[in-house]
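User: I would like a close look at one part of this model. Please take it from there through the rest of the picture.

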Amino acid sequence: MGTSLSIPPSLEEEFDVVVVGGGSTGCVVAARLAEGGARVLLLEAGPSNQERGIRRRVGSPFLQSVQLQTSELSCVYSTVPQEAAGGRASRWPRGKLLGGCSSVNQCLYVRGDPRTFDDWETRLGCQGWGWKSVLKHFKKCEHYHGDGNPALRGFDGPIQVTKAEKRFGLATREVCELFLAACEAAGIPRVEDYNGETQTGASVIQATVCQGVRSDAASAYLFDATRAARLASLRIVTGACAERIQLEELRARGVHFRLKGELKYVRAKETVVCAGAIGSPQLLMLSGIGPKEHLEAVGLECQADLAVGSNLCDHLCFPLRFSWREPLAFNPARQTSTLISRAQHALGKGGVYDFPPVGALCFCQSKVAESYQDLDPDIPHDPASEQYMREYVRRYAQTVYHHSGTCRLGPEGSESVVDLRLRPWGVKQLMVADASVMPYCVSGNINAACLMIGEQAATFLLEDHQEFRSDNGEPGASQ
Ligand SMILES: Cc1cc2nc3c(=O)[nH]c(=O)nc-3n(C[C@H](O)[C@H](O)[C@H](O)COP(=O)(O)OP(=O)(O)OC[C@H]3O[C@@H](n4cnc5c(N)ncnc54)[C@H](O)[C@@H]3O)c2cc1C
């Protein structure tokens, strides 16, 4: 058993750092700061993912993933009807428990194309966020259970990453092989490790799973028994929803939060907001940091006029259907071997339930297809036309839950909300660190990049506060 949850702090107590939100990024920030010697309080609105019943559900990702996203462990938001999506509204679940979305997501592990980070740095002026700079943080996060280039992959970090191929059921393996062969026939090369030197190509997936158990940010960073001793100066309060950051002369002094219906306040030298791409801009705005006109229109006094909440980014997907000549079950729920697969999963012996339903993927520039089939006969255009494809996307596109960009980082004068060390412009002792700071979505799933941002944020804070390290050099000894 690792870190234990703590009773709420007394009003008199001051922490070095309060971290708001125990999701993918918040767990990394809290753990790394505590390891570095800081006295840290982590406030999480939802419950712990270590409670027995919850741990069982969260730990079995692919038996439970869809249920988790519609259960009490998620906040399910809905967008307003989207004109570009034919007037449809989109459902946006967000994990509301320790681990955040990493506790309810589909576990695909994708760092993103190195060129994206270089683009952030060179074109958008985000100095220090290019591939060379972020790579060391990606490596720090991961324990890769595969053959990878040690210059590019990490092998002793907290997050367990496994390559799928050996643990697939037979049918899944066959479908993946056929998919990879089809990609090769279409001129898309196979890549052994899309999280290595180059992302472009087709590959079997990697997942934040080990022996069929989810490696979410909380389990990996906060509750791993081998790390517990290093986290002595960390306190975690669950069910604690931050309502406002206390700002005095544009310095963050502490956080007002609600716990079991009671309003409480805690003081801190630094406040780090890690409440996610929806929660972070909301909390900043409630604290008077946001677009002046908007804040004043809803009766909030504006203390720092910043473009909080704009620049919302996401990835969309749309389904394409293929018919198969021979009967072959890919959907685990329809496999004839379902019972065997469940038993294999329960015994940790591998099988289809050990990995996401996506078995293989391909990152490439799309080409114009040579033959078209009518995907939806109700669309009143020629299936080979651009209008047809546009209408198809309007009707069927849906989110893949990569909400980001709402407190984007950037250089001075760039409409950014936070500077290159993640500080909101003009506000001291405050930091934002989570998917909201991405200038735009990385190419791929974004959990790995959120973990990387957490590592980067903790490094910045420990550089800014040499005094967090106790006099005798022992992390946590200052308690
Ligand atoms: C259904 C789903 C499937 C996904 N699948 C994948 C995938 O397979 N692979 C992948 O790489 N990415 C996936 N993603 C995306 C990825 O998991 C998230 O983008 C990432 O986890 C976000 O991390 P974060 O730290 O920004 O925020 P979160 O992980 O959302 O953390 C925010 C935390 O803050 C807490 N919080 C919010 N407001 C407050 C408040 N006021 N006070 C206190 N606490 C608060 C929340 O409860 C939450 O725990 C998926 C996302 C979803 C929703």
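Leaving aside its neighbours within four places in sequence, which residues is Cys-210 in contact with?

Analyst: This is a predicted model, so local features need pLDDT of at least 70, side-chain atom pairs count only at pLDDT 80 or more, and totals for chains, interfaces and linings use all residues. Residues are numbered from 1 along each chain as its sequence is written.

Cys-210 is in contact with His-145, Gln-160, Thr-162 and Ser-215, once its neighbours within four places in sequence are left aside. Contact here means that the C-beta atoms of two residues, placed from the backbone, lie within 7 Å. Cys-210 sits in strand 9, residues 209-210. Strands (E, at least two residues) and helices (H or I, at least four) are DSSP runs, numbered from the N terminus. His-145 is 65 residues from Cys-210 in sequence, yet the two C-alpha atoms are 8.5 Å apart in space. Cys-210 is partly exposed, with 17 other C-beta atoms within 10 Å. The cut-offs: 20 or more other C-beta atoms within 10 Å of its own make a residue buried, 12 or fewer make it exposed, and anything in between is partly exposed, with C-beta atoms placed from the backbone.

Now the whole protein. Its secondary structure comes to 12 helices and 20 strands. Of its 479 residues, 46% are buried. Take the contacts with a separation of 6 or more: 67% of them join residues 24 or more positions apart.

Leu-462 is an example of a link across the sequence. Leu-462 belongs to helix 12. Leu-462 and Leu-33 are 429 residues apart in sequence, but 7.0 Å apart in space, C-alpha to C-alpha. Beyond its neighbours within four places in sequence, Leu-462 is in contact with Leu-33, Gly-36 and Phe-468. Leu-462 is partly exposed, with 17 other C-beta atoms within 10 Å.

Gly-36 brings in another residue. Arg-230 and Gly-36 are 194 residues apart in sequence and 8.6 Å apart in space, C-alpha to C-alpha. Arg-230 lies in the loop between helix 7 (217-221) and strand 11 (234-238). Arg-230 is partly exposed, with 17 other C-beta atoms within 10 Å.

The axes of helix 1 (residues 24-35) and helix 12 (residues 447-464) come within 8 Å and cross at roughly 30°. Axes are lines fitted to C-alpha atoms, for helices over the stretch in contact, and angles run from 0 to 180 degrees between N-to-C directions. Helix 1 and helix 12 are therefore roughly parallel to each other. The classes are: under 35 degrees roughly parallel, over 145 roughly antiparallel, 65 to 115 roughly perpendicular, and the rest oblique. The residues of helix 1 in this contact include Val-28, Val-29 and Leu-33, and those of helix 12 include Leu-451, Ala-458 and Leu-462. By class, the residues of this contact divide into 10 nonpolar, four polar and two charged. Nonpolar covers Ala, Val, Leu, Ile, Met, Phe, Trp, Tyr, Cys and Pro; charged covers Asp, Glu, Lys and Arg; the others, Gly among them, count as polar.

Helix 12 also meets helix 5. Their axes come within 8 Å and cross at roughly 105°. Helix 5 and helix 12 are therefore roughly perpendicular to each other. Helix 5 supplies Val-134, His-137, Phe-138, Lys-140 and Cys-141 to the contact, and helix 12 supplies Ala-448, Leu-451, Met-452, Glu-455 and Gln-456. These residues divide into six nonpolar, two polar and two charged.

Helix 5 (131-141) is also part of what covers the buried residues of helix 4. In helix 4 (residues 114-122), the buried residues are Pro-114, Thr-116, Phe-117, Trp-120 and Glu-121. They cover an arc of only 165° around the axis, which puts them on the same side of helix 4. The arc is that of the directions from the helix axis to the C-beta atoms.

Last, two backbone points. Most residues other than glycine have a negative phi. Asn-311 has a positive phi of about 65°, although it is not a glycine. Asn-311 lies in the loop between strand 16 (304-305) and strand 17 (316-317). Asn-311 counts as buried, with 20 C-beta neighbours inside 10 Å. Tyr-401, not a glycine either, has a positive phi of about 70°. Tyr-401 is in the loop between strand 19 (398-399) and strand 20 (430-432). Tyr-401 is buried, with 22 other C-beta atoms within 10 Å.
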